[in-house]
Amino acid sequence: MEASKIDRIVRQYGARESAILAILQDIQAEEKYLPRETLEYVSQKMRIPMVHVFRIATFYNALSLKPRGRHKIDVCLGTACHVRGGDKILDKLERDLGISVGETTKDKRFTLESVHCVGCCSLGPVAVIDGDVHGRLSQEKVPGLLKDFK
Amino acid sequence: MIIRTKNDLEKIREKGLKSLYPGATKISVGMATCGLSTGAGKVYEAIQKEIEKAKVRILLGQTGCIGFCQREPVVDILEPGKPRVFYQGVTSERSGELVQKWLENKVVEDLLFCKMEKEDRVLEGSVKNYSIQRIPAGINGTPHYHQVPFYSKQLKIALRNCGFINPDHIDEYIARGGYFSLYRALFEMKPEEIIGEVKRSGLRGRGGAGFPTGNKWDSCRKAKGDRKFILCNADEGDPGAYMDRSILEGDPHSVIEGMIIGAYAIGAQEGFIYVRDEYPLAIQKLKIAIRQAEEAGLLGENIFGSGFSLKINLFRGGGAFVCGESTALMASIEGKVGEPRAKHIHTTESGLWDKPSNLNNVETWNNIPVIVSRGADWYSKIGTQGSKGTKVFSIVGKVKNTGLIEVPMGATLREIVYDIGGGVPDGKKFKAVQTGGPSGGCIPESLIDMPVDYDQLTQVGSMMGSGGMIVMDESTCMVDIAKYFMNFLKSESCGKCTSCREGTKRMHEILTEITEGRGTTDHIDLLKELGWVTAEASLCQLGATAPNPVLSTLRYFQDEYEEHIINKRCPAKVCRALLRYRILSDVCKRCGKCIKVCPAGAITGKAKTKKESGKPFKIGTEKCTRCGMCFEACKFKAIEVE
């Protein structure tokens with residue numbers, strides 16, 4: 001990520017220690033992950049030791065050090081989705097995409113992740129694709145779900 | 001306009017009332033996350049197009065969730081002189097019909113959900129009756145809102161505005177009595193009086209532990225320090241609970257108003273709302289609400305011209321369950337990793353940046369304006385001896401009517417699961433209710449008549465938590481549920497305490513052994529022992545309550561564990577390693593669908609055609625991965641699980 005872009009994000013919050021999570025989230029929103037060089041730049045810019053920046057980046061589930069695909073699928077594995085077969089939806093996606101949870105397809109089209117409850121429990125099992133929640137899923141509905149994403 | 005006086009507030013109320021009950025037909029679409037996930041966005045667009053086409057003055061708006069999430073998308077139509085009509089399961093294809101028929105004074109009967117002739121106004125303690133002069137044709141057979149079984153036993157205090165106001169319009173919030181409690185608190189009550197009122201109301205924290213709210217405020221007010229913080233815990237992490245999301249999406253001002261009253265009572269000048277990263281819509285609605293409140297002079301410098309000032313900041317979480325714990329939440333706001341610390345000194349004395357800090361959950365803050373408006377005497381009449389008021393529950397899982405409900409404390413599980421929830425679907429047998437999230441436990445059928453409040457739930461080995469209620473039937477395996485929660489806790493443990501980090505991991509390993517057919521009889525004792533150590537030796541409540549899902553299932557469902565260990569059977573047919581799929585040859589029609597869907601190529605046979613009768617179908621146990629695709633695909637129920 002260009003230094004000027006990072007500067008702009010940091011400036012928006014101020015180089016306060018308490019803003020580190022928000023800054024990393026904003027960077028990730030643009031880059032889809034946190035490249036090592038970016039973290040090093042943020043560390044210098046904010047005068048926060050790299051070891052601390054790295055701890056933050058690895059502690060929170062929302063942050064990723066691995067590049068992600070164009071579309072992100074989060075399968076909900078909250079309790080309500082679990083008892084209604086959320087793990088089967090995840091299995092089906094793993095099979096259809098040929099990747100395991102946490103991985104990205106070779107063509108960089110999809111990254112498959114799981115999430116602990118998106119709060120849409122009454123419509124479970126659900127999956128979130130690029131921020132849009134899809135409810136009342138079944139294994140059979142999975143192929144139709146993916147076909148519109150390029 | 002900046003609101004300075006009660007008169008100013010009344011003027012905005014008038015404006016809001018015109019927006020709530022305009023002189024023309026108004027259509028509202030429920031557009032909280034649950035509505036949007038079932039296509040409410042498209043429904044909204046379709047209705048908009050139809051209105052443009054009809055060239056009639058019809059207003060279109062959005063609301064939050066009315067609670068019956070299962071029936072989303074929900075659309076309601078309000079026209080002066082007619083009963084309000086609610087539709088359920090509306091699709092974009094059928095949206096036009098709703099508008100066309102309405103213009104002909106008719107309704108679309110098969111989508112009709114209920115009608116409403118009066119509205120409860122909890123904040124003011126009044127009922128607004130609609131004046132009814134015309135009845136649309138086809139509406140008579142529809143029940144009244146208050147007669148629908150899902151709603152008839154509910155008492156909505158926390159959810160008072162959800163589904164009835166546009167969350168983006170502060171005027172509509174004010175029109176239903178909003179910010180009048182704040183006015184009263186600032187000008188007619190001393191901080192000590194407010195705390196006294198909250199204490200007497202008996203309100204306990206709605207986030208989980210149920211600590212008396214008034215006492216917490218009192219100790220924070222008395223704590224020494226010139227700078228104090230108030231915080232709102234909107235890091236709703238319990239899987240299966242989503243009332244905070246719904247409140248923030250449908251009625252964000254109620255939380256903000258509660259926080260301002262709290263800040264005034266405690267003497268805080270700055271506040272934070274810590275919202276889960278997984279709730280983008282709630283974050284968006286809160287941003288709008290905070291800005292509006294600031295623009296109206298109800299938040300920020302010199303609120304209502306009273307001299308009292310409060311700044312509220314929004315803080316987006318990073319997707320860590322442990323950050324719902326008070327000290328971890330505060331560490332996270334400070335820019336540290338969200339690890340809890342020992343609480344020898346309470347956060348009310350030394351919390352965020354070592355300043356006195358008062359943290360309450362979304363639903364707790366949302367109750368405050370009602371307590372200030374209606375008084376502690378009124379509030380404390382609702383509920384049980386030790387638990388006052390109402391509680392919102394998300395009733396989900398294996399139950400017919402899923403959604404968000406609010407009942408007085410002390411309602412029985414039977415009322416919640418059967419009367420409101422409609423019981424278990426598909427003729428299956430009820431088994432248990434899981435409450436309290438990963439810190440809670442499973443309550444068996446034998447306790448179905450227990451009244452639900454903080455103390456009763458603790459007594460049976462579970463807890464209130466934030467109010468998630470996951471109904472389980474005979475096809476839910478209790479060992480699998482224990483394993484599920486242990487997997488959750490294992491990945492969400494921050495790792496600071498060895499007992500929690502290792503204890504959850506080892507318990508998960510043992511549960512995996514049991515569910516995969518390698519369990520031994522020693523495992524049950526080992527689980528109990530590990531559970532005890534994890535609970536005793538861990539710092540925060542995540543570790544201290546981590547064994548609950550295991551211990552409570554062992555307490556009530558030990559026979560299911562033994563069935564897995566001794567007979568290598570999963571009675572609920574969930575644990576895959578113990579299952580065998582089989583095709584019933586006498587039921588099988590040889591349609592060939594199962595062969596097509598089987599990802600493992602485990603099914604042999606030949607489909608029937610017009611010329612040939614095909615060959616019998618069989619599942620090869622070696623190749624079968626027990627994914628259940630064939631079972632789901634078979635229309636003739638010819639596949640059996642053993």
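Helix 22 of chain B (residues 548–566) spans only 24 Å between its end C-alpha atoms, whereas a straight helix of 19 residues would span 27 Å at 1.5 Å a residue. The expected span is 1.5 Å times one less than the number of residues, and helices are DSSP runs (H or I, at least four residues) numbered from the N terminus. This is a predicted model, in which local features need pLDDT of at least 70, side-chain atom pairs count only at pLDDT 80 or more, and totals for chains, interfaces and linings use all residues. Residues are numbered from 1 along each chain as its sequence is written, chains are lettered from A and ligands numbered from 1 in the order in which they are written, and side-chain values use heavy atoms, with hydrogens and water left out.

At B:Phe557, helix 22 of chain B bends by about 95°; the bend is the angle between axes fitted to the seven residues ending there and the seven starting there. Among the buried residues of this helix are B:Phe557, B:Glu560 and B:Tyr561, where buried means under 20% relative accessible area (1.4 Å probe, protein chains only).

Helix 2 of chain A (residues 20–31) reaches 16 Å from its first C-alpha to its last, close to the 16 Å expected. Nine of its 12 residues are buried, so helix 2 of chain A is largely enclosed by the rest of the structure. Its cover includes helix 1, helix 3 and helix 4 of chain A, together with strand 10 and helix 13 of chain B.

A residue with positive phi follows each helix:

| Helix | Following residue | Phi |
|---|---|---|
| Helix 22 of chain B | B:Lys568 | near 50° |
| Helix 2 of chain A | A:Lys32 | near 70° |

Terms used: Helix = DSSP H or I, 4+ residues; strand = E, 2+ residues; numbered from the N terminus. Buried < 20%, exposed > 50% of the residue type's maximum accessible area, 1.4 Å probe, protein only. Contact = heavy atoms within 4.5 Å.
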